[in-house]
Amino acid sequence: MAENQDPIFQIQRVYLKEASLEQPNSPAILLEQEQPSVDIQLGVEAGAVADGVFEVCVTATVTTKIKDKTVFLVEAKQAGIFEIRHLPEDQMGPIMGIACPQIVYPYLRSNVADIVQRGGFPPVHLAEINFQAMYEQQQAQAASDGASRIITQ
C-alpha cells in the first residue's frame, strides 16, 4: 500500500519565545511632556526543528525616545511550530515566509501591546503587515544581492 502523500499543514503550537521591556531613563523620563518618537523593526526567521516540523518566529523591536533618551524598549519574539509535509519545494518559502508569519503575528501584536501597557504606557498597536509584500521584497533583494555578487567576483 502506498503512503498517503496529501499535503499537510498544521499548527502545532504558538508561543511567546522571548520578551523584554527596558526603561533605562525612568523615572525622570516619565515626567517629560513631549511626545516620544517610535521606531518599530520587524523580522521573520524560520528553521527546521525535526523532519517535517518547522519553527517560524516573528520578532518586533519597539524603541521610543524623547530627544536622544530612550523612554522604553520592547523586544518580543513570537514563535509557532508547524507541521509541513508533502509540499513542493517551491512552495515552502512562501508558506514559511508568508502563511506562517500571518498566523503568528496577531499574537505578537497582542503581547507587545500588553507588555507596553503593563510597563505603565499607553499600548503600542503594531500595524497590520502584508507578509506577502515583505517576502517578495526580501526575495527581490536576495536576487539582486546574488546578481551583484556574480558581477563583482
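Author: Start with burial: buried means under 20% relative accessible area, exposed over 50%, and partly exposed in between, with a 1.4 Å probe and protein chains only. Glutamate 83 is buried, at a relative accessible area of 16%. This is a predicted model, in which local features need pLDDT of at least 70, side-chain atom pairs count only at pLDDT 80 or more, and totals for chains, interfaces and linings use all residues. Residues are numbered from 1 along each chain as its sequence is written, and side-chain values use heavy atoms, with hydrogens and water left out.

Reader: Which residue forms a salt bridge with glutamate 83?

Author: A salt bridge is a side-chain nitrogen of Lys or Arg within 4 Å of a carboxyl oxygen of Asp or Glu. The partner of glutamate 83 is arginine 85, with the closest N and O atoms 2.6 Å apart. Arginine 85 is partly exposed, at 24% relative accessibility.

Reader: How many salt bridges does a search of the whole structure find?

Author: The search finds seven. One of them joins glutamate 55 and lysine 17, at 2.9 Å from N to O. Helices (H or I, at least four residues) and strands (E, at least two) are DSSP runs, numbered from the N terminus. Glutamate 55 is in strand S3 (residues 53-66) and lysine 17 in strand S1 (residues 8-22), so the pair ties together parts 38 residues apart in sequence.

Reader: Is glutamate 55 buried or exposed?

Author: Glutamate 55 is buried, with 17% relative accessible area, whereas lysine 17 is partly exposed at 41%.
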